[in-house]
Amino acid sequence: MAADMHCHTTRSDGSDSPAFLVSLAARVGLTGLALTDHDCYAPHSLTQPLEAQYGIRVINGVECSCRDNIHGNKVHILCYNCKYPEAMQPVLQKTVQARLDAALQMIDKVAKLYPITPEMVMDGVGEGRFCGKQHIMLALMKAGYTTEMFGDVFHELFDKKTGRCFVPIVHTDVFETVKALRETGGVIVMAHPSVYGSIASLQDLIQAGIHGVELHHPRNKPHDIEILRQAVDEYRLLTTGGTDFHGYFVEKNRRRPLGTCTASSRELNALMETSSRLWAEN
Ligand SMILES: [Zn+2]
Ligand SMILES: [Zn+2]
C-alpha cells in the first residue's frame, strides 16, 4: 500500500507515456502514482481518465527546476494537487523558455558535427515543450550515429565540464517559484535534497513556506536524511517519497524501477489532508 510520488513521462524527460506509467504502477501493486513532469503540471483532464481506467489514485503534480541564488545551488520543488494551477504558469513558462533557448544553442553546436536539424530533435519533444539533451541524443540515435543514449557520444557532447556542445540553463529563482506555488493552493515539497547540494536551501525553503520534504529518494544521503528528520520533527513537515522514474531516459546507474521508492499510505493520507486544508483556505 504505497504511492510513488515522483516520476517523469514523455511530457518532460521520461521515455514513457503517462498511460504506460499508470498501467505499470497498477501492475507493480502501487495504490497511487503522482505525475511530476518538469515544469509541466499534470491536469485533471489527464489524470482522471487514467485513474478511472487503471483503478489507482493518480495525483496531479509538477517538479519545478530552480536555483537558490543565495546559496548558489540548484533546487527542485515538487507541487501536488493545485487548486489554481494557472497561478504558476508564468514561472513555469520562464523555465520552459530558458530550457528551449539552451537546447536550440546546443542543437546549433551539435549540427556543426552531425547532420541533424532542430526539427528532427523537436519531433521527439512532448507537449510540455521540454527539450533536453536526451531529445538531441534521440535524434542522433535515429540518425544512426550512436546506439546508446548515455554512451561516449553523450559525454563528448554534453558532459557538464568538458562537453563540446553543453549549454547551461538559466534557472528561475527558487523563492520566486515557491511564492508562485503558494498561490496555487498546492502542497509544496522539496525534491531530492541530496542532489545538487540542495540541502543547503532547506532552512530558507521552510521559512518560505514549503509543506514537506522528499525523505525517501534513491539519491538521499544518510547524513542529509538525519538533517531532514530533525527538520521534519521541529517544523512538523510532511514527508514523501518516489523513484524519480525516467524510464530509459536516465543514465544506467540512476535507473530505478517504478515503485521501488515510495511514500507510505500514512504519508500520502497526511499530504492529502494538508491539501484539503489548503483548498479550504484558498
Ligand atoms: Zn529533480
Ligand atoms: Zn524528478
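Me: Two strands pair if DSSP finds at least two bridges between them. In which sense do strand S4 and S6 pair, parallel or antiparallel?

Reply: First, this is a predicted model: local features need pLDDT of at least 70, side-chain atom pairs count only at pLDDT 80 or more, and totals for chains, interfaces and linings use all residues. Residues are numbered from 1 along each chain as its sequence is written, while chains are lettered from A and ligands numbered from 1 in the order written. Helices (H or I, at least four residues) and strands (E, at least two) are DSSP runs, numbered from the N terminus. Ile 77 stands opposite Met 190 in S6, and across four bridges S4 (residues 73–80) and S6 run antiparallel.

Me: Which residue in S7 is the bridge partner of Met 190?

Reply: S6 also pairs with S7 (residues 212–216), here in the parallel sense over two bridges. In that pairing, Met 190 is partnered by Val 213.

Me: Through which helix does the chain cross from S6 to S7?

Reply: This β-α-β crossover is right-handed: with the strands pointing away from the viewer, the path from the first strand over the helix to the second runs clockwise. The helix on the way, residues 202–208, is H8.

Me: Are the S6 residues Val 187, Ile 188, Val 189 and Met 190 buried or exposed?

Reply: Val 187 and Val 189 point one way, Ile 188 and Met 190 the other. Buried takes 20 or more other C-beta atoms (placed from the backbone) within 10 Å of a residue's own, exposed 12 or fewer, and partly exposed lies in between. By that test, all four are buried.
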